[in-house]
Amino acid sequence: MKYPKLRELAEAIKAVIKGPYTSKFPFDPHEPHQNFRGQPTFDPDRCLGCLACEEACPSSAISHEDILEGPGAPRRVMIHYTDDCIFCGVCVDACIRETGDTGIVQTTDWELSFFDRSKAFETIEKELQLCEVCGVVIGTKDHLIWIAEKLGELSFSNPTLYLTRLRELGLADNNIKGVLEDKGRSDRIKILCAECRRKTTFYDEGRT
Ligand code: SF4
Ligand code: SF4
């Protein structure tokens with residue numbers, strides 16, 4: 001007869017006293033370990049809509065759509081496809097916000113079965129900032145404000161950043177209009193994309 005090893009015997013006694021390690025799911029609810037890596041979810045108040053997580057996601061489970069016309073426009077819709085997600089946590093690590101304050105957080109949710117795959121996504125929305133001359137997307141307002149706050153007084157070297165911040169504080173006019181033939185100078189104190197900023201800075205007499 002083969003006798004159990006001492007360690008196995010100790011485990012068996014422990015299991016008799018403490019009860020089994022496994023849970024009786026689905027008859028009893030299962031409580032995952034606090035460090036369990038379950039389904040991530042956006043935090044709409046913290047997410048800046050910067051797209052760093054979308055770039056980093058190895059399974060393309062994060063996407064976005066910029067809506068430039070219609071009600072609520074311009075806005076960026078951040079989409080997390082929960083059925084494509086592999087719960088790897090790369091998006092949380094890639095988030096530009098500090099650890100513990102990230103725009104996407106990993107929950108301990110694990111019971112995720114569903115019947116209709118077309119409903120397997122979550123979305124949040126962010127207001128977009130467009131170039132005030134050509135109308136291209138610069139980024140989300142929250143992202144620009146976050147950068148301006150990070151840079152502090154250094155943001156005053158970039159009109160797009162300091163104007164975004166000042167407007168949020170209600171300290172800058174929204175409708176700066178050039179009333180004179182000023183060769184584009186009034187455009188300098190607008191929120192501009194990089195290309196329009198270059199054009200206003202390096203004014204070319206021959207430009208169209
Ligand atoms: S947990 Fe991984 S797969 Fe899921 S959204 Fe984040 S990066 Fe993508
Ligand atoms: S703030 Fe974080 S969660 Fe939001 S888009 Fe950027 S990287 Fe993704």
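Reader: Why is T82 called buried?

Author: This is a predicted model, and in it T82 has 15% relative accessibility. Buried means under 20%, so T82 counts as buried.

Reader: Where does T82 sit, and what does it touch?

Author: T82 is in the loop between strand 3 (75-81) and helix 3 (90-94). Leaving out residues up to four places away in sequence, T82 touches Q39, A120 and F121.

Reader: How do you know that the buried residues of helix 6 are on the same side?

Author: The buried ones in helix 6 (residues 194-201) are C196, R197 and T200. They cover an arc of only 105° around the axis, so they end up on the same side of helix 6. As for what covers them, that includes helix 5 (159-168).

Reader: Now the ligands. What makes up the shell around ligand 2, by class?

Author: There are 10 nonpolar residues, two polar and no charged. Gly counts as polar, and among the residues around ligand 2 are G49 and G103. Others there include C47, C50, C53 and C95, along with M78; Cys and Met count as nonpolar. The space ligand 2 takes is the largest cavity.

Reader: And which residues come nearest to ligand 1?

Author: Of the 14 around ligand 1, those are C57, S59, C85, C88 and C91. By class, the shell has 11 nonpolar, three polar and no charged residues. Ligand 1 takes up the second largest cavity.

Terms used: Residues are numbered from 1 along each chain as its sequence is written. Chains are lettered from A and ligands numbered from 1 in the order in which they are written. This is a predicted model: local features need pLDDT of at least 70, side-chain atom pairs count only at pLDDT 80 or more; totals for chains, interfaces and linings use all residues. Side-chain values use heavy atoms; hydrogens and water are left out. A residue is near a molecule or strand if one of its heavy atoms lies within 4 Å of it. On a 1 Å grid over the protein atoms alone, a cavity is a set of points where a 1.4 Å probe fits but cannot get out, and a pocket is an open set with protein on both sides within 12 Å along at least five of seven lines; lining residues have an atom within 4 Å of a point. A molecule sits in a cavity or pocket if more than half of its atoms lie within 2 Å of its grid points. Buried means under 20% relative accessible area, exposed over 50%, partly exposed in between (1.4 Å probe, protein chains only). Helices (H or I, at least four residues) and strands (E, at least two) are DSSP runs, numbered from the N terminus. The arc is that of the directions from the helix axis to the C-beta atoms. Contact means heavy atoms within 4.5 Å.
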